[in-house]
Amino acid sequence: MNIDIKKEIKVVISNLKILKKENLNKIYLEITDSGNTYTVNLESAEIIKNDNLSKSNLIIKMNIETFNDLKNNKKNPEDLLFEEKIKISGDIKLLQ
């Protein structure tokens, strides 16, 4: 993953409006870019291996174009969910 994208992810993470910040360690953003898939922990912004994630975690999956659309406020997240450009698996209650 290029350094600019990693910086952008950190900015997005810092702007999240989640009430329970302690849940961020269980939420992951999975981004696909040029055939490579990166899983980023939202608390640490570190890239991890997806193999060890349990059902009690939350994984938000999208490609890099969708990430950029969200970051630049070009698309509403609900529209992207409806269009199936964002997929969510795991414990959705972690977003509260």
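**Sheet, core and pocket of the predicted model**

Strands S1 and S2 are joined by 6 bridges and run antiparallel to each other. Strands and helices are DSSP runs numbered from the N terminus, a strand being E of at least two residues and a helix H or I of at least four; two strands count as paired if DSSP finds at least two bridges between them. The structure is a predicted model, in which local features need pLDDT of at least 70 and side-chain atom pairs count only at pLDDT 80 or more, while totals for chains, interfaces and linings use all residues. Residues are numbered from 1 along each chain as its sequence is written, and side-chain values use heavy atoms, with hydrogens and water left out.

The sheet is open and mixed in its pairing, with 5 strands in the order S3-S2-S1-S4-S5. The edges are formed by S3 and S5, each of which has a single partner strand, so one side of each lacks a neighbour in the sheet. S1 and S4 run parallel and are joined by 6 bridges, whereas S4 and S5 are antiparallel with 4 bridges. Individual bridges can be followed across these strands. Tyr28 has Ile59 of S4 as its bridge partner, and Ile59 stands opposite Ser89 in S5. Leu29 is bridged to Val40 in S2 and stands opposite Ile60 in S4; Ile60 in turn stands opposite Ile88 in S5. In the hairpin of S1 and S2, 2 residues lie between the strands, and Ser34 has a positive phi near 55 degrees.

S1 is mostly covered, with 5 of its 7 residues buried; buried means under 20% relative accessible area, exposed over 50%, and partly exposed in between (1.4 Å probe, protein chains only). Leu29 touches Tyr38, Thr39, Val40, Leu42, Ile60, Met62 and Phe67, apart from residues up to four places away in sequence. Contact here means heavy atoms within 4.5 Å. The largest nonpolar core holds 18 residues, and those touching the most other members are Ile9, Ile27, Leu29, Ile60 and Phe67. Such a core is a set of buried Ala, Val, Leu, Ile, Met, Phe, Trp, Tyr and Cys residues joined through side-chain atoms within 4.5 Å. At least two residues of this core come from each of H1, S1, S4 and H2.

Two further strand residues were examined. Thr39 is part of strand S2, residues 36-41, and counts as buried because its relative accessibility is 3%. Beyond its neighbours within four places in sequence, Thr39 is in contact with Tyr28, Leu29, Glu30, Glu46, Ile47, Ile48, Asn50 and Leu53. Met62 belongs to strand S4 and is likewise buried, at 7% relative accessibility. With residues up to four places away in sequence not counted, Met62 touches Leu29, Glu30, Ile31, Thr32, Phe67, Leu70, Lys85 and Ile86. The C-alpha atoms of Met62 and Leu80 are 9.4 Å apart in space, with the two residues 18 apart in sequence.

Most residues other than glycine have a negative phi. Ala45, in the loop between S2 and strand S3 (47-48), has a positive phi near 65 degrees. Its relative accessibility is 6%, so Ala45 counts as buried. Glu84 also takes a positive phi, near 60 degrees, and is placed in the loop between H3 and strand S5 (87-90). Glu84 counts as exposed because its relative accessibility is 60%.

The largest pocket contains about 640 Å³ of space. Its lining comprises 22 residues, of which Val12, Leu16, Ile60, Leu70 and Pro77 are the closest to the centre. Two or more lining residues are given by each of helix H1 (3-14), strand S1 (27-33), strand S4 (58-63), helix H2 (64-71) and helix H3 (77-82). On a 1 Å grid over the protein atoms alone, a pocket is an open set of points where a 1.4 Å probe fits, with protein on both sides within 12 Å along at least five of seven lines, and lining residues have an atom within 4 Å of a point. Grid points are joined across faces, edges and corners, and the volume is the space filled by probe spheres set on the points. By class, the lining has 16 nonpolar, 2 polar and 4 charged residues; Ala, Val, Leu, Ile, Met, Phe, Trp, Tyr, Cys and Pro count as nonpolar, Asp, Glu, Lys and Arg as charged, and the others, Gly among them, as polar.
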